[in-house]
Amino acid sequence: MALATLLGMRAGPAHAFDLSSLDVFGLFTKKDEPPAPSAATLPYRLEFNLGEADDAKALTRTLQDASLLYRLRADAPPDGETLARRMAADLNPLVDALWSQGYFNAEVALVVDGVTLKVGAEPDARLIRALESHRNREAVPIAVAVTPGPVFGLREIAVTERGVAGAPAIANPQKVTRLDPGDPATASALRAAQAALVDHLRAQSRPLAKVVELRPVVDHAARIMDVTYVVEPGPVAGFGDVTLGDTADIPPAVVRSFIYLEPGDPYSPKALTDTRKSIATIPAIASVRIREGESLDRAGNLPIFVEVTERPKRLIGFAARYSTIDGPAVKTYWEHRNLFGGAERLRLEGDVFLAPRIDGSKITKFEDFERSDLGGRFSFSFLKPALGGSRYDWLLDGVATRQRVGTNRFGGYTARYGNVTTAIQRRFSDTFSISAGLEVEKGQTSDVLGQVDYTLVGIPLSVKYDSTDSLLDATRGYRATASVTPYPTFLGSTVGLFQSKAAFSAYYALDEDARYVLAGRVGLGSIAGADLDEVPSTRRFYAGGGGSVRGYAYRTLSPLGPLNRLTGGRSLFEASVEARIKVTDTIGIVPFFDAGTAFEGSVPDFKQRLQMAAGLGLRYYTAIGPIRVDVAAPLNPRRGDKPVALYVSIGQSF
């Protein structure tokens, strides 16, 4: 008789909107206060009494979620008969809620002034008179008297399969269900086991797998439950044809270019998840819905249906920030996500910021401000995805900037330059792509080594692999990028360079729910073909800052030249390790260790001292990604380094 209860709890209806919802801190409203007594209605006050139950607080919340009386407490009934009927209708849901938590011997009663209403009983005249006696005097005191009794435990857990010849599809049912004898017989545990069985079979390319029957047997005297799952694994199948629904103003060929499923490929839930993520990378797309066919086609494959919704085509925004190191900055941006009707994205950005002083002087009053203290950046980015419906994308990026980077203590550099880069990207899968292009940059940089006026014309080549499960909060997988860019003089470069960069990060979850994750990152860089003073400052390598070695100021880890000022380096090494620990579903802590620096030579010289830092981070997990707060301290600080640094951002550090 408890089958429906064990399989699921009913969702409560939505709460009506009222002005009290605007009182965030509850200063002006009391949501649990009943309406004022009146001659026309019978307001009531509900009190849950669970005696000395071990988990009384959590169980009370469960009962409140199930209780119609509790949800309608702000809607006072007109008379005692209506309130009595509401009370009678509340008893079975309360019992169901207790059974769902494994309390199969629980007793529930509603009591008003000594008059008791129990399960199966009809309200009588005594109860109605007791209710009416409070009219126009006070809220009716309704006590929910609960005797939970003991939590029942599981004894035997069995899984039987239908329609499978030969070896069973589930070799180790206990490992899959994660149910052990003695575990509490709660509805949530039984539902989780049912979902785990279906997920396990679907991961074996059985898309039609289902649990057709759940047979719980409760022994009230022994206070135990035996449960049997009857499973139909269904046939092994592959993916069938992929059908696109309405794509609004986005060409279907563009959407299909980001689908890597081929008819006959083994069915896999992960492949569907990866497909959804792949399509969602198209800037013009807001959401992706993938629907599976209800039956296999003639070839024994499962048809797939894809539907997308389009984002608003235009976006305009403004942002302001302030840093104790970098000072104030403002940014505005405009974006069109379907510029020519082919899902092309054009984004324009403009930044104005305070350039830090690097000559030992400071701005202490308004009169100290000079025009050179103002920096700016204008950039544009254009993306044409799926050229001709293929898996080639065209990228065009440009930037013009004037900036000053460094600190008074260690110096730095000033730079003015413009850069335009165009590239063709080839996507081989949702995880692997390569690109090749042409880059032109012209500018001027100045630092302690002197001034460099330069022109660079290069051929950037890059490769990218990303199998992680999330861009902002990866818990599993690998991420690797590598690029090489020759800037030969025969193409017009004033200084011949060969620049290479590589970064690798790995993420390993220690448990199935990814509450404990180990993360590591290594970054390398090298410049060959020119002496250090011939290389523009913006192209040299520096370490330090929130995305590098935390605890040190941004781009201040490099060799020191004349006057102990930063010169940058021709090679780079960075490494970070983190332990990401979720304390709750929304709060996490992250102890971390960072190390790295830049080197004068074109190959890292590990005989040189690496700067190291350690710290502790706090994470607040939201729907869009974690909000990150890191506190880091240098372990081997140089003279002039701050003892501690604070970083606030969105997303993990890498």
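Two strands count as paired if DSSP finds at least two bridges between them, and I kept that rule at hand while reading this predicted model.

**Entry 1**

I began with Ser505, which stands opposite Arg521 in strand 22.

**Entry 1: Thr556**

Next I looked up Thr556, which I located in the loop between strand 22 (516-528) and strand 23 (571-582). Is Thr556 buried or exposed? Its relative accessibility is 0%, and because buried means under 20%, Thr556 counts as buried. Setting aside the neighbours within four places in sequence, I listed its contacts as Thr407, Phe410, Ala543, Leu566 and Arg638. I also noted that a polar atom of the Thr556 side chain lies 2.7 Å from the backbone oxygen of Ala553.

I then turned to an open sheet of three strands, whose order is 5-7-6 and whose pairing is mixed. Its edge strands are strand 5 (153-161) and strand 6 (210-219), each of which pairs on one side only. Direction ignored, neighbouring strands of this sheet are turned by 15 degrees against each other on average. Strand 5 pairs with strand 7 (residues 224-232) in the parallel sense, and I recorded seven bridges for the two. For Ala158, I found the bridge partner in strand 7 to be Thr228. Which helix packs on the sheet? I found that helix 7 (residues 187-202) does, touching strand 5, strand 6 and strand 7, and that its direction makes about 25 degrees with that of strand 7.

**Entry 2: aromatic rings**

A pair of aromatic rings is described by the distance of the centres and the angle of the planes. With rings counted as a pair if their centres lie within 6.5 Å, I noted 12 aromatic pairs. For Phe48 and Tyr70 the centres are 6.3 Å apart and the planes stand at 65 degrees, so this pair is edge-to-face. Since Phe48 lies in strand 1 (residues 44-49) and Tyr70 in helix 3 (residues 68-71), the pair ties together parts that are 22 residues apart in sequence. I noted that both Phe48 and Tyr70 are buried.

Phe428 and Phe432 form a tilted pair, with 5.5 Å from centre to centre and 35 degrees between the planes. Phe428, at 40% relative accessibility, counts as partly exposed, and Phe432, at 31%, also counts as partly exposed.

**Entry 3: arginines over rings**

Last, I looked up where an arginine lies over the face of a ring. Arg427 lies over the face of Phe258, at 3.7 Å from the ring centre, and Arg580 lies over the face of Phe654, at 5.0 Å from the ring centre.

Terms used:
Residues numbered from 1 in each chain as written. Predicted model: local features only at pLDDT ≥ 70, side-chain atom pairs only at ≥ 80, totals over all residues. Heavy atoms only, no water. Helix = DSSP H or I, 4+ residues; strand = E, 2+ residues; numbered from the N terminus. Buried < 20%, exposed > 50% of the residue type's maximum accessible area, 1.4 Å probe, protein only. Polar contact = N/O pair within 3.5 Å; in protein donor to acceptor, adjacent residues only side chain to side chain. Contact = heavy atoms within 4.5 Å. Phe/Tyr/Trp six-rings, centres within 6.5 Å; stacked < 30°, edge-to-face > 60°. Lys NZ or Arg CZ within 6 Å of the ring centre and 35° of its normal. Axes fitted to C-alpha atoms, helices over the stretch in contact; angles between N-to-C directions.
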